[in-house]
Amino acid sequence: MANIPVEAIGVTRAQPYPGAPDNWKRFFTFSTDHKVIGIQYIFTAFFFFLVGGLFSMVMRGELISPDTDLVDRTVYNALFTMHGSIMLFLWTFPVLVGISNYLVPLMIGARDMAFPRLNAVSFWMIPIVGLLMIGSFLVPGGPSQSGWWAYPPVSLQNPTGNLINGQVLWILAVAISGVSSIMGGVNFVTTIFRMRAPGMTWFRTPAFVWSVLAAQLIQLYGLPSLTAGAVMLLLDLTVGTSFFTPERGGNPILYQHFFWFYSHPAVYVMILPVFGIFSEVLPVHARKPLFGYRVIAVSSVLITVISATVWVHHMFASATPGWMRIAFMFSSMLVGVPTGIKVFGWVATIWGGKIRLTTPMLFALGGIINFVFAGVTGIMLASVPIDIHVNNTYFVVGHFHYVIYGAIVFGIYAGLYHWFPKITGRMYYEGLGKVHFVLTFIGTALTFLPMHAAGLMGMPRRVASYDPEFAFWNVLASLGGFLLGISTLPFILNMVSSWIRGEKVGNNPWRAIGLEWLTTSPPPVENFEEIPIVISAPYGYGKNEPLVATSPNPDLTQSPDTPTT
């Protein structure tokens with residue numbers, strides 16, 4: 001197998017979208033093209049990523065010293081809630097849906113999603129969610145009154161006495177976000193089940209598609225619980241029902257079950273597509289087949305099944321019976337088995353490969369390293385004694401952010417860099433990409449590792465002021481947080497400048513195997529001139545076998561290790 005650098009690959013001019021306006025205005029329209037919708041998701045999500053990041057900068061500025069001196073505690077509580085809400089509901093979920101929206105139809109040989117109009121409606125609900133959520137921060141009785149996730153019975157205090165206040169707007173935003181995601185889940189599952197190209201059996205389906213399917217199945221069984229809980233909470237707050245109000249016979253612990261039944265599996269909704277990205281990036285940039293492809297694919301489904309049985313481990317410190325603690329401790333540890341299978345498969349994939357340390361490869365490797373560390377601390381938190389000991393401390397915050405930022409955001413960056421040439425027809429600047437990786441990797445470690453130490457010492461989360469003994473670790477975390485903020489600058493510069501004036505590349509600059517690389521860059525409106533017929537399994541690096549029986553571009557049916565002329 002030849003190690004083909006990007007510079008040695010033939011460059012052809014990418015073709016524009018035929019029959020569609022080839023300008024930026026199409027991204028502001030009610031488009032039913034899954035590729036346009038995917039980019040709409042990605043750009044909208046990144047805007048809110050910057051907003052949520054600015055909130056975190058203020059929080060880390062407050063926490064750089066023990067005293068409350070930058071913002072008062074009420075504002076800090078509001079910032080805390082808004083940071084988490086924005087980063088989950090308006091950044092992580094939407095950007096992964098955007099990447100999945102763009103890639104899944106291309107990867108399975110479909111012309112679009114199963115329900116294009118439903119797809120567009122699902123996206124246009126996201127700006128509404130953003131407006132409501134930001135609005136809840138700006139009006140009286142907002143998230144500062146309800147704390148993190150509007151937990152009852154605190155959330156049922158309505159200090160303004162108004163029907164519409166910040167709590168109502170926040171809960172309404174969560175409910176609408178749930179409806180949007182349920183609609184998207186129906187669309188993804190239908191598309192993957194019903195619209196795969198001829199010859200694409202389940203074990204000829206890319207690992208990324210498997211992971212998206214597994215994640216969206218979780219959305220379908222879990223999101224109704226969170227959405228129903230949000231609606232019930234809204235009714236308690238506005239019209240006087242008593243689902244969760246203890247003084248009127250309600251049960252606040254019931255809300256925790258509604259919330260966590262979805263909100264722990266939600267971590268897998270976010271991490272599963274990232275697992276799929278790792279499984280796509282590593283074989284291409286190591287020039288080896290994905291080791292244990294079938295087992296890795298099935299492990300995604302196992303995660304979906306097991307994730308339905310883990311939610312109570314977030315409630316070990318609540319009024320949880322002993323037998324329930326033991327049962328959910330076991331199930332929470334069990335989910336480490338299919339995730340461990342993936343990690344071993346990825347290590348075996350790169351072992352002995354001709355690794356090219358491109359920017360997507362660096363982010364994929366960095367994300368896997370961070371995920372392994374997060375997995376170790378996750379098993380610790382699944383243990384009842386340790387979980388109770390560090391409950392509500394910064395150890396939990398550090399673990400959570402190593403999953404969300406260290407693994408998931410790294411995977412998002414890996415995917416954006418890897419498929420950037422396919423989306424734009426141009427190559428990003430490798431030097432800027434590597435600067436972005438170094439700053440992000442160092443910033444992640446400097447921000448979130450100290451949180452583990454502070455948490456083990458007993459520092460509680462959700463506080464604006466703390467004992468001086470925690471000052472050293474908070475200074476480190478704040479400096480790391482500021483570095484993470486700076487790290488986004490080379491990324492923004494790279495994406496904007498590359499899209500405008502980057503080097504034009506051919507349809508398949510990585511010499512990758514996959515249906516998405518058989519079409520033009522960027523792809524035409526209906527993706528393929530003719531639907532491909534799949535005749536072999538994916539990831540056939542070194543086998544010198546075509547992926548499809550026929551192709552509109554015969555050059556792309558040859559071995560990916562053979563350079564074009």
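How many helices and strands are there in the protein chain? The chain has 16 helices and 2 strands. This is a predicted model. Its mean pLDDT is 87, and 89% of the residues reach 70 or more. Of the 565 residues, 59% are buried.

**Confidence**

- Over residues 1-21, pLDDT stays under 50. The model has 50 contacts beyond four places in sequence for this stretch.
- Residues 552-565 also stay under 50 in pLDDT. For them the model has 31 contacts beyond four places in sequence.
- Where pLDDT is low, the predicted coordinates should not be read in detail.

**The chain as a whole**

- Among contacts with a separation of 6 or more, 81% join residues 24 or more positions apart.
- The chain exposes about 21200 Å². Carbon and sulfur atoms supply 69% of that area.

**A nonpolar patch on the surface**

- Five residues form this patch: Val295, Phe330, Leu334, Val337 and Ile341. Together they have about 430 Å² of accessible area.
- Helices α10 (322-334) and α11 (336-350) are the elements that give two or more residues to the patch.
- Ile341 lies in helix α11. Is Ile341 buried or exposed, or partly exposed? Its relative accessibility is 31%, so Ile341 counts as partly exposed.

**Asp387, a buried charge**

- Asp387 sits in helix α13 (residues 384-390).
- Asp387 is buried, yet has no salt bridge. Which side chain of opposite charge is nearest to Asp387? That is Arg325, 7.8 Å away. A salt bridge would need the charged atoms within 4 Å.
- Beyond its neighbours within four places in sequence, Asp387 is in contact with His313, Phe316, Met380 and Leu381.

**Leu70, between two helices**

- Where does Leu70 lie? Leu70 is in the loop between α1 (34-63) and α2 (73-108).
- Leu70 touches Val58, Gly61 and Glu62, with residues up to four places away in sequence not counted.
- Leu70 and Met59 are 11 residues apart in sequence. In space, their C-alpha atoms are 8.8 Å apart.

Technical notes
Residues numbered from 1 in each chain as written. Predicted model: local features only at pLDDT ≥ 70, side-chain atom pairs only at ≥ 80, totals over all residues. Heavy atoms only, no water. Patch = residues over 30% accessible without salt bridge, like charges linked within 9 Å, V, L, I, M, F, W, Y side chains within 5 Å. Areas by Shrake-Rupley, 256 points an atom, 1.4 Å probe, with all protein chains shown as cover. Helix = DSSP H or I, 4+ residues; strand = E, 2+ residues; numbered from the N terminus. Buried < 20%, exposed > 50% of the residue type's maximum accessible area, 1.4 Å probe, protein only. Contact = heavy atoms within 4.5 Å. Lys, Arg positive; Asp, Glu negative; His and termini not counted. pLDDT = per-residue confidence, 0-100.
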